Amino acid sequence: MRDPFLNPFPASDAARHSIWEMLVPRDIDAFLAADWSMVAGDFVEEGFIGISGNREPNPDKWTLAFPDLPAYRDEWLKQAREFAKGSYGEDPRTAIFTTTTLEEIEISGDTALVRKKFDGGIKKPDGSVDVMKWQTLYYCRLHEGRWKISGFTGYLPNPMGQ
């Protein structure tokens with residue numbers, strides 16, 4: 001079984017290693033802290049776009065939810081603050097890491113397509129589970145000397161087609 005806290009890309013694969021660090025531990029820790037400043041530098045603001053798949057397999061039902069980075073930042077902060085108000089029957093950080101898989105990064109020149117998947121959930125104090133089952137395709141670029149997120153298509157079903 002894979003160690004969910006261990007970067008699957010060796011440091012010698014600098015691009016993939018740094019993209020994983022950005023999209024897994026840094027993203028999770030910032031979300032749990034509801035602190036956008038921890039990830040603000042991970043985005044290319046100019047031309048940023050975020051598509052929401054609305055957990056629908058049919059692209060006709062996808063929406064331009066985030067036409068710019070401030071729109072995404074505001075929703076991200078809203079979700080992070082809401083999550084922080086919750087109570088959980090297990091350590092949320094461990095649960096999110098365990099639920100998260102990011103093992104596919106396609107790189108062509110200074111552009112990367114990254115597949116991040118969630119498949120699991122977080123236990124609530126009453127024993128029920130808050131299900132986390134979706135996936136996101138991130139578009140990353142080598143920008144100002146490091147890999148950054150230039151957009152994404154997220155909130156897609158995992159797996160697709162169901």
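**Close-up views of a predicted model**

**View 1. The largest nonpolar core.** Of the 39 residues in the largest nonpolar core, those touching the most other members are L23, Y72, W76, V114 and C140. The most comes from α1, which gives 9 residues. The model shown here and in every other view is predicted.

**View 2. Contacts of W76 in the core.** W76 is one of the core residues that touch the most other members. Leaving aside residues up to four places away in sequence, W76 touches D27, A30, F31, A34, D35, W36 and V39. The phi of A34 is near 50 degrees, a positive value in a residue other than glycine. Most residues other than glycine have a negative phi.

**View 3. Aromatic pairs around Y72.** The whole structure holds 16 aromatic pairs. In one of them, the ring centres of F43 and Y72 lie 6.0 Å apart and the planes meet at 55 degrees, so this pair is tilted. The pair links distant parts of the chain, with F43 in the loop between α1 and β1 and Y72 in helix α2, 29 residues apart. Both F43 and Y72 are buried. Y72 also pairs with F152, this time edge-to-face, at 5.0 Å centre to centre and 65 degrees between the planes. Because Y72 lies in helix α2 and F152 in strand β6, this pair ties together parts that are 80 residues apart in sequence. Relative accessibility is 9% for Y72, which therefore counts as buried. F152 has 3% and counts as buried.

**View 4. The aromatic cluster.** Ring pairs link F31, W36, F43, F48, F66, Y72, W76, F83, Y88, Y138 and F152 into a cluster. Two members of this cluster, Y72 and W76, are also among the core residues that touch the most other members.

**View 5. The largest pocket.** The largest pocket holds about 690 Å³ of space. Its lining has 30 residues, and F31, Q79, F118, W134 and Y155 lie nearest the centre. Contributions of at least two lining residues each come from α1, α2, β4, β5 and β6. By type, the lining divides into 20 nonpolar, 3 polar and 7 charged residues.

View 6. Y155 lies in strand β6. Its phi is positive, about 55 degrees, although Y155 is not a glycine. Y155 is buried, with a relative accessible area of 17%. P159 is found in the segment after β6. A cis peptide bond joins N158 and P159, with omega about 0 degrees. Most peptide bonds are trans.

**View 7. Helix α3 and its neighbours.** Helix α3 covers residues 92-99, and its buried residues are P92, A95, I96, F97 and T99. These buried residues pack against α1, α2, β3, β4 and β5.

**View 8. D110 between two strands.** D110 lies in the loop between β3 and β4. It is partly exposed, with a relative accessible area of 48%. Not counting residues up to four places away in sequence, D110 touches C140, R141, L142 and W147. D110 and C140 are 30 residues apart in sequence and 8.3 Å apart in space, C-alpha to C-alpha. C140 is also one of the core residues that touch the most other members.

Notes: Residues numbered from 1 in each chain as written. Predicted model: local features only at pLDDT ≥ 70, side-chain atom pairs only at ≥ 80, totals over all residues. Heavy atoms only, no water. Helix = DSSP H or I, 4+ residues; strand = E, 2+ residues; numbered from the N terminus. Buried < 20%, exposed > 50% of the residue type's maximum accessible area, 1.4 Å probe, protein only. Contact = heavy atoms within 4.5 Å. Phe/Tyr/Trp six-rings, centres within 6.5 Å; stacked < 30°, edge-to-face > 60°. 1 Å grid on protein atoms, 1.4 Å probe; cavity = no way out; pocket = protein on both sides within 12 Å on 5 of 7 lines; lining within 4 Å. Points joined across faces, edges and corners; volume = space filled by probe spheres on them. Nonpolar A, V, L, I, M, F, W, Y, C, P; charged D, E, K, R; others polar. Core = buried A, V, L, I, M, F, W, Y, C linked by side-chain atoms within 4.5 Å.
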